[in-house]
Structures are given as structure tokens and as C-alpha cells.
Amino acid sequence: MFNTAVTAYNYLINEVLVLKSFAMKRIIVVGNGMVGYKFCEKLTAHSKEYNIIVYGEEPRPAYDRVHLSAFFSGSAADDLLMAPRSWYEENDIALHTGELVTEINRVEKTILTHSGKKDHYDYLILATGSSAFVPKLDGVERNGVFVYRTIEDLNQIKEYASGISSAAVMGGGLLGLEAAKAMIDLNLETHVVEFAQRLMPRQIDDAGSSILMHKLTGLGITIHTNKATTKIEGNGKLEGLAFADGTFLKVDMLVISAGIRPRDELAKASGLNVHARGGIVINEYTRTSDEFIYAIGESAVFNNMVYGLVAPGYEMAEVAVQQITGERDKTFAGFDMSTKLKLIGIDVGSFGDPFCEITAGVPIIMQDRRNGVYKRINISEDGKHLLGGILIGDASQYNLFHQMVVNKMPLPAQPEMLIFGSPRKGEEGAGLKDLPDSAQICACENVSKGDIACQVRDKMVTTLEGIKKSTKACTGCGGCTPMVNDILKLTLESLGHKVKKTLCQHFDYSRQELFDLIKIKELKTYDAVLDLHGIGDGCEVCKPAVASLLASIWNEPIVSQPVIQDTNDRFLANIQKGGTYSVVPRIAGGEITPEKLIVIGRVAKRFNLYTKITGGQRIDMFGARMDQLPEIWEMLIDAGFESGHAYGKSLRTIKSCVGSTWCRFGVQDSVAYAIFIENRYKGIRSPHKLKGAVSGCIRECAEAQSKDFGIIATEKGWNLYVGGNGGSRPQHAKLLVNDVDMDTCTKLIDRFLMFYIRTADPLTRTATWLNKMEGGLEYLRDVIVNDSLGIAQQLENEMEEIIQNYECEWKKVVDNPELQQQYKHFINSEEIDSTLSFVETRGQKAPSDWNPIRQNKLK
Amino acid sequence: MELLNELKMHSVSSTDNINVWFKAARTTDFPENGGACVKYKGLQIAVFNFSRRGEWYACQNLCPHKMQMALSRGLIGSHNNEPKVACPFHKKTFSLQTGECLNAEEEKIAVFPVKIEDGFLYIGFAR
Ligand code: SRM
Ligand SMILES: Cc1cc2nc3c(=O)[nH]c(=O)nc-3n(C[C@H](O)[C@H](O)[C@H](O)COP(=O)(O)OP(=O)(O)OC[C@H]3O[C@@H](n4cnc5c(N)ncnc54)[C@H](O)[C@@H]3O)c2cc1C
Ligand code: SF4
Ligand code: FES
């Protein structure tokens, strides 16, 4: 093995090392995973007095394992890196990847790698993490059996998946469910096989599991609980699983996610104390049984426990850094293992003691099978504290409850109100107020409530951006962002700052106040508004916000003030990856004639545009160069199309189902009504985009209840729903009125939209606006239906006026050569942008990827 | 990356090392309080007519965040009186005076001196 070159190299290293070691302490980190990386980051931030050398077995620098599944949804491996290689260079860290440490000589204080490299340390940090546990089953060696731990694993899974149709995941825990979602994303028929009688047995109870199972089944995952796998059948490659109960499941691939095993083999071989169930034993200083060796992250065992999450690993890294640098005011004292399931699209949270196992307590349970929501909170026997609990289907209170447990906050007199009925406005803030300063808000970066408050109080940081920059809070998983924002506001308020929802530093008014000012003073331009009511020169926040107000109030074409519009409104098209634009003509209600379809095809062909049917029942053409836009639209407008306002904060689409004309169940003509509504509100500028839908009967094929306003036909008329939303926080719309006739329905939508346009904050969808409204739906109904404020007539008139002023913006541009001037990439040349680059995907064009390819192209 | 190096090669550190005053376009061609993109050799330069302040600025058109040729299409404004431009893609903002990123930790962008003569805008380059 040892050739002379290596020996000579080692000799040299030793010489150099002996000399150097007088100057700087050598810290060797074994393992370049998330925690090993964090250690480096923390140590270099602390001091540059150390020589840091990292050995990692994997071929690439540390990456974000927590978001590993993003690799399936298109993230490149490079996007997942914790830091690029250059970061290590800049910080003088010697990083050796693809290098497995095989021996520690604790007497000489050296390590040896598989390729024969020898290195000396003053302190050794073991951050070797863990590996997936693979049960000793008959047939595990077959082709098609994988684990889910590294980028390489995922690469192999992806490759294998391309030729098959089904997969099973063994293990229904957190990781298993995440893997199952990935299988669905790979378009495989997906099964989850769990040995216990419920899913996530360590986090949730039977009742919770049954609701979760129901939801997963809805995603297309088949769940098998109470299944002990006895054999992996097949012939070379896997063909199916045999279970102890005699049943058989035919699948093409198996992903094992049956737990983790700490990687303690190196520690064990060198005589360090390891735990009987695996893991390197450490004390509260993260020190192993050798005073010069520390272990951190998933390879370590503290108090008989392996911590399989990043946050405790980061905490250990901090403790180890403090030990080495001599600061030493922090010790590791265990860690709360509360978790929230991410990714799968179903809220699942488990916090504190979810089963009343540690302390006796009384559970309060709310179960709503219809909406698939299950909430359990465990109250201490004296009724004073929250011990833990489970949230399924709606984990929006997870952060708050978790903090209540961690900080032993006193419970309100009627703790059941925490989970029955939605919390009333303001109550969540009150909960925050009672949190002690030590409460950890951002677990990833270990930022406490006190840290945030201190930034506000002493360092005058007054914006969320500022807090993110100075504390790093919200920069990990981002889950704490709403809480951090609330704490920021709370602290500002406590300092006597009136926390007014002002637009930005240039306007001391809320959007609603500006609406009134613009209207009363009849202001028509941004400059006039800024001169009269603002300071400074404006910015990317207030310009589009005021532009939207001007458009809502006067409905003058936005093309008259292009430079205050967001880029999409300026060029009347959505800017896309790579800098090209998309083109979406209006196809009201999703109804289109064959002739018009042919025109779209012709346009797309002529300009080589990528075409796709959108989620809004129309057709999007992507990849148009800016200079092509006027010509494209000219063709479309000649054929009778209009702008679809896909770029604006304005009405998008009214989806329809085919309705009574064709459908045997339909009770009203939903298509006709959808087209009518879409044409009525097209072009109206609003605080955020607006979407609607009309369904022809209660089967609801148009998904009207997920829209800002949705209409469902009944035998007697129409039901009107408002405040629905898709997006990342989906919410069903609420029933405003039922069985009204079409005219009444339209009148009510007029009022609803105008009330929203007048009073909502910028970029607030109707759902959020309604959620925040004092009095909620009842109040809204009073204003809109019962006219409690006496403004109904006025709202209707204002709406009528805007509708009368409608003009297609693109028609204006097409008719006016002057307005076409700005559609040029260069002001001093007719050339096009030479950095645009495309690839071919499934027979159509696509932009090159964000980073890697594009940068190559620029080379 | 060469593009970035090239940008650096052409930028000037002080008014002394301006060797080329490039005649870009008529001042009236630029939108008021907005930007446009100028082609100079292989480079794309974003030029802003900040008429509200009576000032002109030039910087690289390339946004360092995701390497998009986009800054000339961004909204301009001020942050505590410092003139800035916001990239249309993800709203990273950059000072038009120093090129520094103001709301994130992106690389600094190159800024270039400008002058107006006889109704034309000129941009100063080192070469
Ligand atoms: C094209 C399309 C996806 C598709 O291929 O189907 C799409 C594409 C985009 N969506 Fe969407 N959304 C599309 C349907 C939807 C839907 C489904 C629907 O409308 O039925 C939703 C969920 C429903 C909802 O809005 O409540 C949806 C929720 C979003 C959101 C999240 C909104 C929220 O309230 O959370 C954003 C982000 C935003 O607006 O801030 C977004 C933003 C975007 C943007 C504008 C992102 C951007 O700035 O580039 C995408 C631009 C496309 C382009 O260049 O034209 N898109 N987007 C769909 C166009 C529909 C249309 O014909 O206009
Ligand atoms: C799919 C998935 C999803 C997850 N989701 C979450 C989540 O949502 N939240 C959460 O908190 N946690 C989550 N985790 C767990 C989290 O990723 C781990 O807690 C974390 O990665 C542990 O970091 P570590 O540095 O201790 O170990 P690792 O990241 O495993 O790194 C250890 C590294 O050391 C290397 N190594 C081992 N032995 C040697 C040696 N002898 N020589 C050289 N190198 C060696 C290994 O190859 C590895 O690269 C998830 C894990 C997975 C796999
Ligand atoms: S914004 Fe919409 S279209 Fe764009 S990636 Fe997200 S979900 Fe898809
Ligand atoms: S590309 Fe400019 S901000 Fe992202």
C-alpha cells in the first residue's frame, strides 16, 4: 500500500507540522457534514488563530442534508452546498474531500486516511454523523434496494426510478414520509410499509396517525401498517416484499428508512467510549473520553441519547468551539426534539411530550375528520402548563405552542380555547409577550427572543431584513420568520414606536390612507404623490404600490407611467429566468375557439416560444425576447385577443367548469357566468392578484372555493364564497351568501372587490386581508351584504367607473409606436442580448439553468 | 466569470484613469427616472436618468445574484438619501454611488462615471 511517494509526503508533512505547531494549534475535523461545517463556520468567526483541516468522506463539500429532497424537485447539487469550496479557501481551511479517516493514533495525536495521508492534531473533532440503518433482511443486497441519506443515494434512486413504475418505503417515520413524497414526485406508485401500528410512532398518537394516513392516501400513497417485512424477494433485482402475515407486495424499488446508526466505528477502533446502542459518548462539554477529542452532531451520544436533528448538532458545535477557544460559558444540556414535518404538503407537528409519557398530564383533543385536522395538547395535572402535543392538518400554532412548552409559560384560564375555534386577533401576540427573553425563536441559528429584542432596543434595527442580517435568524429553514416579525413589532411597540403599517421609508402612510389622499386630492402621478405626501426619491416598494393605487382609483392605463411599475407591469409581461418574458392572452373562462387556438400555435411557432397550459385554464407562451413583445402582441390583437394581465396585480382568470350546457349534473350555465365575470373585472388593478371561479354544481370541478371569490351554482341560484387562496398557505373560501340570483351575486362581488381594493395592505391577498380583519367574516358580511357602513352604493359606483374605463394595455402599445420604444435591449444598438441562452427540453426550448450553465456560457 | 473580470478591467478607480469617454446616446432617449441598457464593446452597462435628483448613474447591467442581465430594467429610488437600483428579479438593491449591495450580501457591482455634453451621455472607462 505505502509507496515511497506517500511516505515521503508524510515525512514532509511531519516536518512542516512540527515547525508550524509552535505557532498555531491544529484542529482536525473528521466529517464534513452539516455539523462539521457549522463547527468550521463558528470557529473561524471566533478566531483566525487556528489551523483548521477537514477530512470528509463524501466527494463534495458539506451540503444541506435537511433539504436533500429538493434535489428531486430540480435543485442542482451545487445549490445545496452549505458553502462553496472557495469559502474554505478564503478562510484558510484545508478541505480534503473524498478522504476517509481510518485510524486515530491517540498517543501520537495523528490520524491516517484511507489513501495513506497522515496528519497531526492538537484537537480532534469527530463529526462523522450517522448512516442509514439497514435491517439484516434476507435479500437486502438485491438491485433496487436503496437508503436515503446522501446525494449519491438520491442520484442512484433517480437513475433506477426511470425504468420502473412502483416503489415502497420501509419505515413510516419523518424521513420515510419525506422519502415517500419524493417517490410520488418521481411519478411512482408509492407504498409506505411500517412495522408499528401507526405512522410516525415516536411523534404522534393513533388518532393523529389515522388522520395523517387519510391525508397521505389522498396524495396517492398506499400505507401498510403492522407489517413486518421478512424477505426481499427477487431474482438479482428486487421484485417485491414478503411480510410475516403471509402477504406479498409487488414493487420495483425499495427505499429503506428504518432509522439511523451513529458512525462510531472510527472512535470505537481507537478505544474511545462508545454507547452500547451506538454513538460516541460525550459529556456536557462535548468531550469524549479523550480530553483532546470532541464529538458533535449525529455521531455523538449525550445522556443515552442520539440527537437526529441539525439544531442540537449546531448547539454542540458551538459548545466545542467555546471549549477550544477557552470561552467556555456554554454547555450542552440536551435538546428539545420537537419536530415539524416539512415538504409533504401536510402540516404535522409534534412538540414537547406528545404522549404524556414523561409527566402525567391531561390531554385535550380536537378532531375534525371532515377537514382532516387533529390537535392534541397535553395540560399538566394542575392545569397550569402545556406539556406537549400534536398538530395535524393545521400546524400554524406550532411555534407558539412549542415556545409555551419550552418556556413553561402559564396557560390561559380556558386552555381548550387554544385549539377550539380560531384564535382571535391579537391573542397570538399576547402569547409572545409572555415569552421570556431566553426563548429560542430560531432553532437553526440559535437566536433567542432576547437577541432580537436587543437588536431593536440597542442597535436600532427596525426592519425584518435588518434582523435577518444581524442575527442570521430566518436564514436556515425560514420557519420562524412570522414569529421573528411579530417579536420585532412587539418590541417596537414596547419602545413607544407607533407601529403603523407605513409603506416604506418614503411614505408615513398606510396604503389605505394613501388611497384616500390620492382620491380626495385627485392626484394622478407618482411624483405628485411623493412631492405632497412623501420624502426622498421613492423606492422599489412604494413606486409599484402607488402605481397600483393610481391604477385602481383612476384606471388610467399603466403604460403612461412605465418607470414606476414593477418590471412586469412596465413591460406588460412576466420576466422569467434568463431575462425573457412570457405572453399570456386572456382566454375568458377557459373557453376558446379552434381558430384562436390556431393563432396561438402560429404565434408560438413563428417566435419559437415554449407553450404550456397553465393552472388558470389558459395558455402561456414563454421565452419571448423583450424586442419581440410588441410584434407578438400585434399578431394576437389582430386575431381578437386581449392582454391576460398575467403580469399585473390584477384579475387573472375566472376558471369555469363546463356546466349545465354539457354536463349531466350541471344546474346552471357556469361557463357563461365565468366569461361574464372575467370580462367585467379584467384589467382592474388591486393590492394583489385576484382569481375567481364558477362551478356548475356542488361537485365543484372549477375549484371555486380556493379562489378570492368563488361561485357555485345551486338549484335556486348561486352561492358566493370569498377569501379563498391556493399558494403556500391554502385556505378555503368562506360562504358569504347562498342561493342569490345572478344580478345580486355580481353586485355583491362588486362591493367585495372594491372594499378590498380600498382597504387592503399592498401585496395582501383577500384571504390574508380577511384573516386580519377585526370581526372577520361576520363583519365583512355586515358591510357587504347588510351595508352596515352605508357605503354599498358608493362601492358599486366606484366599481362601475373603473369598469367603464377599461382599455387593453397591449392594444395601446401596439397602436402607439412611441410606447414601443422601450422594448429594446440596448438603447444604442439594435442588437439583441447575446447572453440569452436556451436548451432543448422535450422538443421545446427552455432557458439554461440559473447558475452553473449560465455562468459557463458567460465564460 | 470572464465577464466580471472584463467589467473590472474597464472600470475606473478615480477620474484620473478614465481613458475613454464613450458617447452612449442622446440624453432625451433615456426615460425620466428610469434606466436603459448601453452596449459598449462586449459589455452591457445600465444607465439611469435620475431626473428627480438631476443626477445620472451608470453601473454594470449584470446582477451578481443569479447572473441576470437585468439591472437597467430595475426600479430606482433612494435609501436614506443614497441612490439605489433594485434588481427586477429578486429585488436585491445596490447603491448607484458605491455599487455596494444594500439589502443582502451580494458582491459589489461596478459603477462607472458619466458626463453630459451637448445633449449626449458619455460613460467613462479605463479602456
Ligand atoms: C403559469 C402558471 C403555472 C402553470 O404553468 O400553470 C403560474 C406561474 C406563475 N405564478 Fe402562479 N401560476 C399559475 C397558476 C397559479 C395558481 C393556480 C390557479 O390560479 O388556479 C396558484 C394558486 C392559486 C392562488 O393564487 O391562490 C398560483 C399561485 C401563485 C403564487 C402564490 C400566491 C399566494 O397567494 O400565495 C405566486 C406568488 C405571488 O403571486 O406572489 C405565483 C406566481 C407566479 C409567477 C408570476 C411567478 C413569477 O413572478 O414569475 C409565475 C409566472 C408565470 C409567467 O411568467 O407567466 N403563483 N399560481 C399559472 C398561470 C395561471 C394563469 O393562467 O394565469
Ligand atoms: C432526507 C433527510 C431529511 C432530514 N430532515 C431533517 C429535518 O427536517 N430537520 C432536522 O433537524 N434534521 C433533518 N435531518 C437530519 C440532519 O440531516 C442531520 O441531523 C445532520 O445532517 C447531522 O449532521 P452531521 O454533520 O452530524 O452528520 P452528517 O451530515 O451525516 O455528516 C457526517 C459526514 O461525515 C462523513 N464521515 C463519516 N465518517 C467519516 C470518516 N471516518 N472520515 C471522513 N468523513 C467521514 C460522512 O460521509 C458525512 O459526510 C434529515 C436527514 C435526512 C437524510
Ligand atoms: S411560482 Fe408557480 S409556476 Fe413558478 S415554480 Fe412556483 S409554483 Fe411553479
Ligand atoms: S438576479 Fe438580481 S436579485 Fe436575483
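Across the interface of chain B and chain A, 21 residue pairs are in polar contact, both partners being at pLDDT 80 or more; a polar contact is a pair of N or O atoms within 3.5 Å, where within protein one must be able to donate a hydrogen and the other to accept it, and residues adjacent in sequence count only if both atoms are side-chain atoms. The side of chain B that touches chain A draws at least two residues from each of α1 (2-10), β1 (20-26), β2 (34-40), β3 (43-50), β6 (68-69), β7 (75-79) and β8 (82-86) of chain B, helices (H or I, at least four residues) and strands (E, at least two) being DSSP runs numbered from the N terminus. With six residues, β2(B) gives the most to this side.

The model is predicted, so that local features need pLDDT of at least 70 and side-chain atom pairs count only at pLDDT 80 or more, whereas totals for chains, interfaces and linings use all residues. Residues are numbered from 1 along each chain as its sequence is written, chains are lettered from A and ligands numbered from 1 in the order in which they are written, and side-chain values use heavy atoms, with hydrogens and water left out.

In the interface, 47 residues of chain B are in contact with 43 residues of chain A, contact meaning heavy atoms within 4.5 Å. The two chains bury about 3,600 Å² between them, 51% of it on carbon and sulfur atoms; buried area is the accessible area (1.4 Å probe) that two parts lose on being put together, summed over both. Arg52(B), Arg73(B) and Leu75(B) supply 22% of the area that chain B buries against chain A, more than any other three residues.

Seven salt bridges are counted between chain B and chain A, a salt bridge being a side-chain nitrogen of Lys or Arg within 4 Å of a carboxyl oxygen of Asp or Glu. In one of them Arg52(B) meets Asp527(A), at 3.7 Å from N to O. Over all chains the search finds 47 salt bridges. Within chain A, Asp119(A) and Arg26(A) form a salt bridge whose closest N and O atoms are 2.7 Å apart; because Asp119(A) lies in strand β6 (residues 118-120) and Arg26(A) in strand β1 (residues 25-30), the pair ties together parts that are 93 residues apart in sequence.

Among the 21 residues around ligand 1, Gln576(A), Thr614(A), Gly615(A), Lys689(A) and Gly726(A) come nearest, a residue counting as near if one of its heavy atoms lies within 4 Å.

| Residue | Atom of the residue | Distance to an oxygen atom of ligand 1 |
|---|---|---|
| Asn574(A) | polar side-chain atom | 3.2 Å |
| Gly726(A) | backbone N or O atom | 2.6 Å |
| Arg765(A) | side-chain N or O atom | 2.9 Å |

The elements that give two or more residues to this shell are β32 (619-624) and β33 (651-656) of chain A.
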